[in-house]
Amino acid sequence: MRSTADRIRHAVSFEVIGLLAITPIGSWAFGMEMHAIGVVALVGATIATLWNYLYNLGFDRAMMRRLGHSRKWPLLRIVHALLFEAGLLAVLLPFIAWYLQIDLWTALMMDLGFAGFYLVYAFVFNWAYDVIFPIPLQPLSNEPVVD
């Protein structure tokens with residue numbers, strides 16, 4: 001499993017790179033001021049950072065219990081990203097509607113646009129992260145791994 005410091009590096013780098021990409025793209029795609037999209041993106045990133053840490057820790061621990069390791073193959077990466085985005089979508093939808101003063105349907109379409117971007121981004125980022133910062137080899141015994 002990954003260390004706490006590695007998980008923090010992962011979460012922070014994921015959100016910073018994502019913010020730098022989504023703010024101008026979102027502003028252009030939805031025809032809104034960069035500032036408004038920036039606030040939505042920043043609040044979303046803050047919530048997502050916390051969710052990212054907790055979700056990945058829980059997912060990896062579940063994999064360790066079930067499989068004895070936390071290495072993810074491509075199909076599992078897709079499931080991992082879909083579940084992450086579904087949880088985040090449920091939390092962010094009311095905020096987007098309230099902050100941008102738009103109806104829930106419009107907020108849902110916007111949130112789905114953000115989720116679509118982040119779905120692809122999460123898959124690519126996490127795969128690249130695993131290549132750049134490989135998961136340490138797991139012990140062969142049944143001894144618990146200290147994080």
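Student: Which helix gives the largest share of the nonpolar patch?

Tutor: Good place to start, and keep in mind that this is a predicted model. The largest share comes from H3, with 3 residues. The patch as a whole is made by Leu67, Trp73, Leu75, Ile78 and Leu82, and covers about 500 Å².

Student: How exposed is Ile78, one of the residues in that patch?

Tutor: To read exposure, look at the relative accessible area: values under 20% are called buried, those over 50% exposed, and the rest partly exposed. Ile78 lies in helix H3. Its relative accessible area is 41%, so Ile78 is partly exposed.

Student: What does Phe114 touch, leaving out residues up to four places away in sequence?

Tutor: With those set aside, Phe114 touches Ile22, Gly26, Phe30, Ile37, Val40 and Ile96.

Student: Val40 is on that list. How far is Val40 from Pro136 in sequence and in space?

Tutor: Pro136 and Val40 are separated by 96 residues in sequence, and by 36 Å in space from C-alpha to C-alpha. Pro136 lies in the segment after H4. With a relative accessible area of 44%, Pro136 is partly exposed.

Student: Now for the loops. Where is Gln101, and what is its phi?

Tutor: Gln101 is found in the loop between H3 and H4. Its phi is positive, about 55°, although Gln101 is not a glycine. As for accessibility, Gln101 is at 65%, so it counts as exposed.

Student: And His69: buried or exposed?

Tutor: Use the cut-off again: buried means under 20% relative accessible area. His69 is at 18%, so it counts as buried. This residue lies in the loop between H2 and H3.

Student: Which backbone atom does the side chain of His69 reach?

Tutor: The His69 side chain reaches the backbone nitrogen of Arg71, at 3.1 Å.

Terms used: Residues are numbered from 1 along each chain as its sequence is written. This is a predicted model: local features need pLDDT of at least 70, side-chain atom pairs count only at pLDDT 80 or more; totals for chains, interfaces and linings use all residues. Side-chain values use heavy atoms; hydrogens and water are left out. Contact means heavy atoms within 4.5 Å. Helices (H or I, at least four residues) and strands (E, at least two) are DSSP runs, numbered from the N terminus. Buried means under 20% relative accessible area, exposed over 50%, partly exposed in between (1.4 Å probe, protein chains only). Patches are made of residues with over 30% relative accessible area and no salt bridge: like charges are joined within 9 Å, nonpolar side chains (Val, Leu, Ile, Met, Phe, Trp, Tyr) within 5 Å. Accessible areas come from the Shrake-Rupley method with a 1.4 Å probe; for residues, only the protein chains shown count as cover. A salt bridge is a side-chain nitrogen of Lys or Arg within 4 Å of a carboxyl oxygen of Asp or Glu. A polar contact is a pair of N or O atoms within 3.5 Å; within protein, one must be able to donate a hydrogen and the other to accept it, and residues adjacent in sequence count only if both atoms are side-chain atoms.
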